[in-house]
Amino acid sequence: MPEKKKAAPKAAAKKKPAPKKAAKPKADVRGWAPGVPKEKPKGRTYDGPLNVNAKPRRADRIFFGTGGVPHSTRPQTHPAAVRRLHELGLGVYEMEFVHGVRIREETCDEVRAAQAETGVHITAHGPYYVNLYSLEEEKVAASRKRVLDTARALAKCGGDGACFHPGFYQKRDPKEVYDFICNQIGELADILEDEGCPVRLDPETTGKGTQFGSLEEIAEMGGDLKDKNVGFTIDFAHIHARSAGAHNTYDEFGGQLELLKNKMGDGVLKTMHIHLSGIAYSDKGEAHHLELDESDMNYKDLFRALIDFGVEGRVVCESPALEYDALIMQKAYRKLNGG
Ligand SMILES: [Zn+2]
Ligand SMILES: [Zn+2]
């Protein structure tokens, strides 16, 4: 108790001279503040007017799109999603295979045709149920197959970056888990290379402390597997949530980009696979994704950092509002990028 009393004035004094407009998260219409999840928004419909963004004056270096079929797509199919995104002026479609890689050959052909026609970039998200560090051999084998199937299906669709969550620590030594997973991913990349599959494996930074995939681990792995067709997916919302609310300022975003550059070289910033959304979190990390405007995700400062570091690549919007938020992101990015 007495210690607490002593510390209080110090902290208050420290806080005062920094009146940065750190935009105090405002409570949303459901009455809870971002970062303090009570209930996931349910049954929300997104049929309001969609404003297609004006054409940029400068060529985009970062393309925006959705993780999953945009709400306004009719019918709700992969090929229609590609065309709908193009119609909206967006440039990336991440195919969600999160509940399993189930796609017919004909559908792959149709996606490929839509891709060639529109120029929309195609990526994929592998099944959630992947654990490359399982203690059961069959589970590792099944996980390996899920990652490979994601890459193979994506290649058939004319896409490139295959994102997946690598695994769980299961209370084991993180270093041991790292070595094991790194080795697995290296082997998977070799298999794909032997098959002539051009898809890059992009393990993702994850949102919970129980999941393998801190930024440091993913960056380290990118460095260790530099000679293979392995990249990474950086989910800025996950990193923000994993640290229970830190990693949300220009300097912190810059620090993350710096770390990636140091581990993997400058080129890494030119082909970035980025995920972004609003996010609700607790001290255990990610609770669920949120719409941008309902969250405290500081995406404008993130874009400032991306622009200042000369980042090129794709940003996949994973917010529940999908194309609505992707358009908000793209508009903000273009404005900050001078047009
Ligand atoms: Zn993910
Ligand atoms: Zn993500």
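Q: Two strands count as paired when DSSP finds at least two bridges between them. In this predicted model, how do you know that strand β7 and strand β10 pair?

A: Happy to walk through it! Strand β7 (residues 272–276) and strand β10 (residues 313–317) share five bridges. The cut-off is at least two bridges, so the two strands pair, and they do so in the parallel sense.

Q: What makes β5 and β6 the edge strands of the open sheet?

A: Start with the strand order, which is β5-β4-β3-β2-β1-β10-β7-β6, with parallel pairing across eight strands. β5 (200–203) and β6 (233–235) each pair on one side only, and that is what makes them edges. From one strand to the next, the twist averages 25°.

Q: How do you know that β8 and β9 pair, and in which sense do they run?

A: Five bridges join strand β8 (residues 278–282) to strand β9 (residues 285–290). With at least two needed, the pair qualifies, and the strands run antiparallel. Ile 279 stands opposite His 289 in β9, and a hairpin of two residues links β8 to β9.

Q: Why is Asn 298 called buried?

A: Asn 298 has 20 C-beta neighbours inside 10 Å. The cut-off for a buried residue is 20 or more, so Asn 298 counts as buried. Asn 298 sits in the loop between β9 and α9 (299–308). Leaving aside residues up to four places away in sequence, Asn 298 touches Asn 248 and Thr 249. Thr 249 is 49 residues away along the chain, yet its C-alpha atom is separated from that of Asn 298 by 6.9 Å. As for the chain, 46% of its 339 residues count as buried.

Q: Which residues of α8 and α9 meet?

A: Tyr 250, Phe 253, Gly 254 and Leu 257 in α8 meet Asp 301, Leu 302, Arg 304 and Ala 305 in α9. By class, this contact has five nonpolar, one polar and two charged residues.

How values were computed
Residues are numbered from 1 along each chain as its sequence is written. Chains are lettered from A and ligands numbered from 1 in the order in which they are written. This is a predicted model: local features need pLDDT of at least 70, side-chain atom pairs count only at pLDDT 80 or more; totals for chains, interfaces and linings use all residues. A residue is buried if 20 or more other C-beta atoms lie within 10 Å of its own, exposed if 12 or fewer, and partly exposed in between; C-beta atoms are placed from the backbone. Helices (H or I, at least four residues) and strands (E, at least two) are DSSP runs, numbered from the N terminus. Two residues are in contact if their C-beta atoms, placed from the backbone, lie within 7 Å. Ala, Val, Leu, Ile, Met, Phe, Trp, Tyr, Cys and Pro count as nonpolar, Asp, Glu, Lys and Arg as charged, and the others, Gly among them, as polar. Axes are lines fitted to C-alpha atoms, for helices over the stretch in contact, and angles run from 0 to 180 degrees between N-to-C directions.
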